[in-house]
Amino acid sequence: MTVDGVGGGADGTFALECHPAGGTHPHAAEACDRLDRMTTWGKDTFAPVPPDALCTMVYGGPATAHVTGTWAGRPVDARYDRSNGCEISRWNALVPVLPGARA
């Protein structure tokens, strides 16, 4: 994953490996635990906000992330930002996979 615009040393490119936890991610074990808790059979853990979602128009800062790889046997190519309430919630649901960000 590549993270930009968070600041505080959280920006950069990190590898995350799970089962067992490893890679260069600064909180690999916690990130893997979060992904395990979020994973539900038949649902895309990294799904984008639906195009018809009604989102609050609140700006959560310039942070962006691009997550690529494989999770639960499926390819992942997901982009994250904090451009509105829906995107902020989507980002926050993945903390600590993605770093906590402040507006």
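**View 1. Cys 55 and its disulfide partner in the predicted model.** Cys 55 is partly exposed, with a relative accessible area of 23%. The model shown here is predicted. Cys 55 and Cys 86 form a disulfide. Their sulfur atoms lie 2.0 Å apart. The torsion about this S-S bond is about -100°, so the disulfide is left-handed. Distant parts of the chain are linked by the pair. Cys 55 sits in the loop between helix 1 and strand 5, and Cys 86 in helix 2. The two cysteines are 31 residues apart.

**View 2. Surroundings of Val 49.** Val 49 also belongs to the loop between helix 1 (28–38) and strand 5. Its relative accessibility is 22%, so Val 49 counts as partly exposed. Which residues does Val 49 touch, leaving aside those up to four places away in sequence? They are Cys 55, Cys 86, Glu 87 and Arg 90. Cys 18 is elsewhere: Val 49 and Cys 18 are 25 Å apart in space, C-alpha to C-alpha. In sequence, 31 residues separate Val 49 from Cys 18.

**View 3. The disulfide of Cys 18 and Cys 32.** The structure holds 2 disulfides, and Cys 18 and Cys 32 form one of them. The sulfur atoms of Cys 18 and Cys 32 are 2.0 Å apart. The S-S torsion is about -90°, so this disulfide is left-handed. Cys 18 lies in the loop between strand 3 (16–17) and strand 4 (22–23), while Cys 32 lies in helix 1, so the pair ties together parts 14 residues apart in sequence. Is Cys 32 buried or exposed? Cys 32 counts as buried, because its relative accessibility is 4%. Numbered in sequence order, the bonded cysteines of the protein pair 1-2, 3-4.

View 4. A cis peptide bond joins His 19 and Pro 20, with omega about 5°. Phi of His 19 is near 65°. That value is positive, in a residue other than glycine. At 60% relative accessibility, His 19 counts as exposed.

View 5. How many strands form the open sheet, and in what order? There are 4 strands, in the order 2-1-5-6. The pairing is antiparallel. Strand 2 (12–13) and strand 6 (74–81) stand at the edges. Each has a single partner strand, so one side of each is left without a neighbour in the sheet. Helix 2 (residues 85–93) packs on the sheet, touching strand 1, strand 5 (64–71) and strand 6. The direction of helix 2 makes about 125° with that of strand 6.

**View 6. Strand 1 between its two partners.** Strand 1 (residues 2–4) and strand 2 pair in the antiparallel sense over 2 bridges. Val 3 stands opposite Gly 12 in strand 2. Strand 1 and strand 5 are also antiparallel, here over 3 bridges. The bridge partner of Asp 4 in strand 5 is Thr 64.

View 7. Strand 5 and strand 6 pair in the antiparallel sense over 8 bridges. Thr 68 stands opposite Asp 77 in strand 6. Trp 71 faces Arg 74 of strand 6. The hairpin has 2 residues between the strands. Ala 72 lies in the loop between strand 5 and strand 6. Phi of Ala 72 is near 55°, a positive value in a residue other than glycine. Ala 72 is exposed, with a relative accessible area of 58%.

**View 8. Arg 90 over the ring of Tyr 80.** The charged end of Arg 90 sits over the ring of Tyr 80. Its distance from the ring centre is 3.8 Å. A search of the whole structure finds 0 aromatic pairs.

**View 9. The segment after helix 2.** Where is Pro 96? Pro 96 has its place in the segment after helix 2. A cis peptide bond joins Val 95 and Pro 96. Omega of this bond is about 15°.

Terms used: Residues numbered from 1 in each chain as written. Predicted model: local features only at pLDDT ≥ 70, side-chain atom pairs only at ≥ 80, totals over all residues. Heavy atoms only, no water. Pairing = 2+ DSSP bridges. Contact = heavy atoms within 4.5 Å. Axes fitted to C-alpha atoms, helices over the stretch in contact; angles between N-to-C directions. Phe/Tyr/Trp six-rings, centres within 6.5 Å; stacked < 30°, edge-to-face > 60°. Lys NZ or Arg CZ within 6 Å of the ring centre and 35° of its normal. Buried < 20%, exposed > 50% of the residue type's maximum accessible area, 1.4 Å probe, protein only. Disulfide = S-S within 2.5 Å.
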